[in-house]
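Here is a short tour of a protein model, with stops at helix packing, a pocket and the backbone. Have the structure open as you read along.

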Amino acid sequence: EEALDKAFATIEANNPELQHVLTATQYGDKRVLSDATLQRLLRHFNQYKLGNDDLYKADMLGDAYEYLIKQFADDAGKKGGEFYTPKAVVQLVGELIDPQPGHSVYDPTCGSGGMLVESAHHVSNLPNGTLMGKPNVLLYGQEKNLGTWAIAKLKQRSDIRSLACSGIYLSAPMGPPDQPDFLNAVCGLLTRLPAADLLTVLHELEAQRGRRRSQRWGPRTLDLDLLVYGRELSDDAELRLPHPGVHERSFVLYPLAEIAPALEIPGRGRVSQLAAACGLQGLQRYADTGDSDT
């Protein structure tokens, strides 16, 4: 196992674009991967060639992630559209709309932007579908919920891929009590950006929505935090990983348990177990509060 960890660390060191991709899993951690499990995995994947030239497309592993997320959504019994919109449905709508190069595409209720992203992919595959290396189409969307808006903005980036998003949870404000309740959600991302660069992207999105850091824990239009980044640990003043308090805050753990109950928070434990130990602490799902403006 240590040999595997060292090999992947060396590959990352010689391929900066793979930073934190291969070392996110520590194969020497017996709590996660026993020797027997690791042996079965090695025997299984040794049967297949997984180079780009051997796959039906280079992003097949990304498709595999989406498949696993869909299976989790089905097992969780989520309603259609609440947790996961099947990729086939998104692609079908894109084919029916059939946007062309030079068109403008507008989605008045864009949610997390899946239809807009599919429109861009559709146009890119057409003659004259790209302009200076980018899809030759203008995308416009409206979204009332700022957390969902932020996810939609992240999806527009080629270096970030959204894998799953939780429902929205209502909690009492943290900090001064004379402010509105908070709306909370969690999103799982796949990215090659280093953690510090990803945090910079999140702060840029906050600034676009008028975030001003004038009062600690005071009212804010949008607050985007980087909770966990693989198994990375950081005590840097600008970036602490895992995020402080993530293991004891219900408004973080319950949304996180929706999309990744088996996730191990480094040094803290499994999300599902932490959520059970934490309790709701007055947390409510936003759809269950009687507010129809979801």
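Let's start with a pair of helices. Helix 4 passes helix 5 in a right-handed crossing. Keep in mind that this is a predicted model.

**Two helix pairs**

Two packed helices are described by the angle between their axes and the distance between the axes. Here are those values for two pairs.

| Helix pair | Angle | Axis distance |
|---|---|---|
| Helix 4 (residues 87–97) and helix 5 (residues 114–124) | about 60° | 9 Å |
| Helix 8 and helix 9 (residues 271–278) | roughly 135° | within 9 Å |

With helix 4 and helix 5 at an angle of about 60°, helix 4 is therefore oblique to helix 5. On the helix 4 side, the contact is made by Val90, Gln91, Val93, Gly94 and Glu95, which meet Gly114, Met115, Glu118 and His122 of helix 5. Sorted by class, this contact of helix 4 with helix 5 holds three nonpolar, four polar and two charged residues.

Helix 8 and helix 9 cross at roughly 135°, and these two helices are therefore oblique to each other. Which hand does the crossing of helix 8 and helix 9 have? The crossing is left-handed. Helix 8 brings Ser250, Leu253, Tyr254, Leu256 and Ala257 to the contact, where they meet Val271, Leu274, Ala275 and Cys278 of helix 9. By class, the contact of helix 8 with helix 9 counts eight nonpolar residues, one polar residue and no charged ones.

Next, turn to the second largest pocket, with a volume of about 300 Å³. It is lined by 15 residues, and the closest to its centre are Trp149, Ala152, Lys153, Leu154 and Gln156. Which elements give two or more residues to the lining of this pocket? They are strand 4 (138–141), helix 6 (146–155) and helix 7 (195–208). The lining of the second largest pocket divides into nine nonpolar, three polar and three charged residues.

**Two backbone details**

Most residues other than glycine have a negative phi, and most peptide bonds are trans. Two spots in this model are worth a look with that in mind.

At Asn128, phi is positive, near 60°, in a residue other than glycine. You will find Asn128 in the loop between helix 5 and strand 2 (130–131).

The peptide bond that joins Leu241 and Pro242 is cis, with omega about -10°. Pro242 sits in the loop between strand 10 (240–241) and helix 8 (250–259).

Methods
Residues are numbered from 1 along each chain as its sequence is written. This is a predicted model: local features need pLDDT of at least 70, side-chain atom pairs count only at pLDDT 80 or more; totals for chains, interfaces and linings use all residues. Side-chain values use heavy atoms; hydrogens and water are left out. Axes are lines fitted to C-alpha atoms, for helices over the stretch in contact, and angles run from 0 to 180 degrees between N-to-C directions. Helices (H or I, at least four residues) and strands (E, at least two) are DSSP runs, numbered from the N terminus. Angles under 35 degrees count as roughly parallel, over 145 as roughly antiparallel, 65 to 115 as roughly perpendicular and the rest as oblique. A crossing is left-handed if the near helix is turned anticlockwise from the far one by less than a right angle, and right-handed if clockwise. Contact means heavy atoms within 4.5 Å. Ala, Val, Leu, Ile, Met, Phe, Trp, Tyr, Cys and Pro count as nonpolar, Asp, Glu, Lys and Arg as charged, and the others, Gly among them, as polar. On a 1 Å grid over the protein atoms alone, a cavity is a set of points where a 1.4 Å probe fits but cannot get out, and a pocket is an open set with protein on both sides within 12 Å along at least five of seven lines; lining residues have an atom within 4 Å of a point. Grid points are joined across faces, edges and corners, and a volume is the space filled by probe spheres set on the points.
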